[in-house]
Amino acid sequence: MKKKLLAIIPAGVMAASLLIGGATYALFTDSATNTGNTFTAGTLTMSTSRDDIPMAGPMFYTNDNTNGWSGTGLWAPGDSHTRGLFVRNTGSLDGKLATVSAIAEGSGTQYSSFESQADVTIAVFAPHGNFDQTAYRQLMQVVDNWYANARKNAWTNGIANVDDYINQSYLHQVFDVKNVLGEDVSASVIEVYNDKLSNLMSPTDVKTLGITVPSQETLLMGYTVSLPLTAGNDLQNKTVNFTFQNEFQQAKNN
Amino acid sequence: MSIKKKLAMALVTTTAGAAIMAAGSFALFTGTATNTGNTFTAGTVIVSDITNGTLSSQEVNAGKIAPGDGKTLTMTVKNDGNLSEWVKIDQDETNGTKTGGLFGGSTPMTLTLDNKVVELAPGAETTFNVDYSLPLAADNSYQSATGSFNVKVDAVQSRNNRNSAGDGPNAWQ
């Protein structure tokens with residue numbers, strides 16, 4: 001009995017001292033850790049190439065040369081030329097076309113004159129069928145010829161607003177070409193921009209068109225530059241240079 | 001970590017989050033596709049008079065014209081531009097330059113201007129005829145009279161400017 005009491009009392013005393021001591025105590029604990037969590041941001045990077053792959057360089061140049069055989073020649077009022085630009089999404093995120101713009105590569109009165117008179121149409125071609133490089137090259141030639149002939153027809157028939165007439169017709173065109181296997185394929189037109197070059201000197205917001213380029217895929221854009229018949233003599237013998245630029249934004253959450 | 005510290009940290013985080021949201025701005029990932037060096041060079045439409053002297057100097061008797069005199073004078077022009085062009089004598093403008101007594105009165109000197117339209121490639125030349133004639137009936141009132149004129153040739157690009165017959169422009173300006 002005494003031993004029990006003695007045994008009890010120290011425990012009781014210890015317990016009491018634990019309580020009375022008050023401030024600290026130890027509980028059994030454990031932890032579980034999940035390590036190595038990694039987030040990697042995706043990328044949105046774009047590369048461009050002319051429609052006459054593997055040639056590199058500007059879409060519009062004057063003379064045929066070793067870097068290309070689609071020179072525009074010298075420009076005169078009434079001229080229209082269409083060239084293509086492949087835009088490839090080399091990133092891991094899908095991209096959405098956000099703005100299109102042009103940048104003058106020089107200055108002077110010839111720039112303001114050319115910008116105020118030249119018309120620019122930017123379009124995206126939606127391919128149908130087994131489109132390959134052969135089909136794309138044919139498409140650009142077909143579109144170029146179509147545009148030039150449409151203008152001549154409009155002038156011949158006395159259409160008052162040639163530009164509006166041409167571009168409304170353009171939007172409803174489906175261009176038929178053949179691929180390298182001789183198969184019939186076609187492309188329809190989505191117009192992105194149609195106005196004076198001067199209005200393209202500020203980025204034009206085209207995000208609402210919802211044109212997207214999935215990761216590792218390619219978009220074909222067509223650029224048509226035209227000089228109206230009314231273009232003035234002040235442009236004679238003048239040279240201007242421009243950059244054409246397209247900005248893409250991530251398509252996700254946007 | 002004490003509960004107080006944990007709460008303090010949570011408040012800071014929340015405040016920071018609220019600050020980001022309140023700022024109203026955000027950044028999306030972007031990528032740019034660029035094509036540089038696009039060149040546009042306009043051609044030229046130029047027509048030059050290469051007659052090498054006045055048309056009247058082709059008439060040896062230019063200083064002593066008599067009634068009944070007449071001759072075909074030739075004006076030569078050249079395309080000195082780098083675009084093909086239509087060229088013709090501007091009849092109205094040329095006739096508008098005639099001055100002097102020889103072009104007045106009841107039996108004036110006449111100028112018959114070539115009315116052809118020619119398409120000239122860059123570097124090519126062509127000639128236009130100008131026939132002058134002082135009628136045989138011109139009387140003594142024309143003695144010592146003078147007559148002056150200029151011949152104006154117009155040029156306009158032929159590209160994108162061809163009529164349905166293909167033998168002239170749709171428009172001269």
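This is a predicted model: local features need pLDDT of at least 70, side-chain atom pairs count only at pLDDT 80 or more; totals for chains, interfaces and linings use all residues.
Colleague: Where do I start with chain A? How many helices and strands does chain A have?

Modeller: Chain A has four helices and 10 strands. Now take their order. Along the sequence, the pattern is α-β-β-β-α-β-α-α-β-β-β-β-β-β.

Colleague: What share of the residues in chain A is buried?

Modeller: Of the 254 residues in chain A, 31% are buried. A residue counts as buried if 20 or more other C-beta atoms lie within 10 Å of its own.

Colleague: How do I read a helix? Which residues of α4(A) are buried?

Modeller: Start with the general idea. An α-helix has 3.6 residues a turn, so residues three or four places apart point the same way. Now the case here. Helix α4 of chain A spans residues 162-171, and its buried residues are Val162(A), Ile166(A), Asn167(A) and Tyr170(A). They sit on the same side of α4(A), because they cover an arc of only 115° around the axis. Asp164(A) and Gln168(A), on the other side of α4(A), are exposed.

Colleague: What covers the buried residues of α4(A)?

Modeller: The cover includes β4 (119-128), α3 (133-156) and β6 (184-196) of chain A.

Colleague: On to sheets. What is the strand order in the open sheet of six strands?

Modeller: In chain A, the order is β1-β2-β9-β4-β6-β5, and the pairing is antiparallel. Look at the edges next. There stand β1 (46-50) and β5 (174-178) of chain A, each with a single partner strand, so one side of each has no neighbour in the sheet. Neighbouring strands are turned against each other by 30° on average, direction ignored.

Colleague: What packs on the sheet?

Modeller: Helix α3(A) does, touching β2, β4, β5, β6 and β9 of chain A. The direction of α3(A) makes about 150° with that of β2(A).

Colleague: Can we zoom in on one pair of strands? How many bridges pair β2 and β9 of chain A?

Modeller: Nine bridges pair β2 (residues 80-89) and β9 (residues 218-226) in the antiparallel sense. In one of these, Thr82(A) has Thr224(A) in β9(A) as its bridge partner.

Colleague: Last topic, the contact between the chains. How many residues does each chain give?

Modeller: Chain A gives 41 residues and chain B gives 25. On the chain B side, strand β1 (residues 30-41) gives the most, with 12 residues. By type, that side has seven nonpolar residues, 17 polar and one charged.

Colleague: Which strand of chain A is joined to β1(B)?

Modeller: Strand β10 (residues 239-250) of chain A is, through 10 bridges, and the two run antiparallel. Find Val240(A) in the structure: Phe40(B) in β1(B) stands opposite.

Technical notes: Residues are numbered from 1 along each chain as its sequence is written. Chains are lettered from A and ligands numbered from 1 in the order in which they are written. Two residues are in contact if their C-beta atoms, placed from the backbone, lie within 7 Å. Ala, Val, Leu, Ile, Met, Phe, Trp, Tyr, Cys and Pro count as nonpolar, Asp, Glu, Lys and Arg as charged, and the others, Gly among them, as polar. Two strands pair if DSSP finds at least two bridges between them. A residue is buried if 20 or more other C-beta atoms lie within 10 Å of its own, exposed if 12 or fewer, and partly exposed in between; C-beta atoms are placed from the backbone. The arc is that of the directions from the helix axis to the C-beta atoms. Axes are lines fitted to C-alpha atoms, for helices over the stretch in contact, and angles run from 0 to 180 degrees between N-to-C directions.
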